[in-house]
Amino acid sequence: MKLDRRQVVSGLGGLALCGPSLRAMAQTTLRLGTFEVMSISDGHLVLPGGFFFDGLPKADLDAILTKHGIATDQVEPPCNLTLLRQADKTVLFDAGSGAGFMPSAGRMLETLEAVGVTPDDITHVVFTHAHPDHLWGILDDFDDPVFPDAQLMIGQAEWDYWTDPDTVNTIGDARASFAVGAARRLEAIRDQITFFQDAEEILPGVMAHGTPGHTPGHMSFEIREGSEAVLVGGDAIGNAHVAFARPDWPTGADQDRDLGAQTRMRLLDQLATDEIALLGFHLPGGGLGRVAREGDAYRFVTEDM
């Protein structure tokens with residue numbers, strides 16, 4: 001049997017789910033009519049707390065973090081990819097971070113294998129945005145596409161931002177490597193890319209929603225069949241503690257902090273009012289749950305879907 005380089009790299013590297021390994025690696029599954037929406041893990045990040053919390057009122061912040069058992073000095077947000085199975089399509093939302101970002105992440109190929117999905121099975125990869133933990137896993141260790149036969153889809157505004165040569169000069173020193181890494185990877189997959197706009201049905205039952213602020217062209221996606229829906233939120237709602245308790249507070253995780261807060265408040269209100277499920281990239285329990293109102297704030301409720 002002849003092995004290509006991608007095969008070598010991958011070799012090294014509410015439904016009830018069967019078996020402990022599947023429970024650990026594909027934490028939650030939701031069925032919407034004939035659609036199956038599954039959360040799979042790409043591992044987790046390890047980041048300084050100041051990246052999120054600097055500049056926030058200390059007493060109020062400490063009360064929120066203590067309630068949720070979150071430390072102020074270091075946070076380890078999970079990374080939840082979304083897998084959508086339709087009759088003739090297997091769609092992956094975001095591609096994880098690959099091996100080039102941080103050691104605690106980059107488990108996408110391992111988790112796909114655990115649910116019986118190979119890279120060749122993926123028909124579409126849809127990007128919420130082009131930060132490292134969402135994009136960099138699209139290339140393998142040899143800089144070859146991980147999904148060479150898939151259609152790759154990204155919002156036009158997000159593509160334009162990261163492929164603009166001036167972005168590396170305007171994004172700030174802390175994120176300059178993000179810009180360099182995104183531009184290189186997007187160029188490598190240019191021939192596979194198609195673009196879409198806000199409010200466009202990009203695939204049957206999948207509607208794009210512009211949710212800017214975290215990045216200029218950040219997109220979320222409403223997957224709907226009939227009266228049931230789930231929002232693949234990406235990083236528009238980036239954690240289950242401060243983002244819900246004080247969505248109006250700016251966060252250093254967003255490139256445009258004020259716009260990010262506006263988007264977050266709008267989304268939380270819509271999800272709670274319309275009772276739409278949420279699958280968040282950095283939310284706990286596989287990222288799948290509901291948004292509940294709690295006075296003037298909100299609470300994330302994980303559910304056995």
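Predicted model: local features only at pLDDT ≥ 70, side-chain atom pairs only at ≥ 80, totals over all residues.
Is Gly226 buried or exposed? I started there: Gly226 counts as exposed because its relative accessibility is 59% (exposed is over 50%, buried under 20%, partly exposed in between, with a 1.4 Å probe and protein chains only).

Residues are numbered from 1 along each chain as its sequence is written, and side-chain values use heavy atoms, with hydrogens and water left out.

**Entry: Gly226.** I found Gly226 in the loop between β12 (219–225) and β13 (228–234). Strands here are DSSP runs of E with at least two residues, helices are H or I runs of at least four, and both are numbered from the N terminus. I also looked up Gly33, which is 193 residues from Gly226 along the chain, and their C-alpha atoms are separated by 7.6 Å.

**Entry: the open sheet.** I traced seven strands in the order β1-β2-β5-β6-β7-β8-β9, with mixed pairing (a pair needs at least two DSSP bridges). β1 (28–32) and β9 (193–196) are the edge strands, each pairing on one side only. I then checked β8 (151–155) against β9, and they pair in the parallel sense over four bridges. One partner pair I noted is Leu152 with Ile193 of β9. Helix α7 packs on this sheet and touches β8 and β9, its direction making about 85° with that of β8.

**Entry: α7 on α9.** I looked at α7 (156–163) and α9 (176–188) next: their axes are 8 Å apart and the packing angle is about 115° (axes are lines fitted to C-alpha atoms, for helices over the stretch in contact, and angles run from 0 to 180 degrees between N-to-C directions). So α7 is roughly perpendicular to α9, a label that covers 65 to 115 degrees. From α7, the contact takes Trp159, Trp162 and Thr163; from α9, Phe178, Ala179, Ala182, Ala183 and Leu186 (contact means heavy atoms within 4.5 Å).

**Entry: around β14.** Which way do the residues of β14 (277–280) point? Ala277 and Leu279 go one way, Leu278 and Gly280 the other, and all are buried. In a regular strand the side chains alternate between the two faces of the sheet. I followed the neighbours too: β13 pairs with β14 in the parallel sense over four bridges, and Gly234 stands opposite Gly280. β15 (288–294) runs antiparallel to β14, joined by two bridges, and Leu279 has Leu288 as its bridge partner in β15.

Methods: Parallel < 35°, antiparallel > 145°, perpendicular 65-115°, else oblique.
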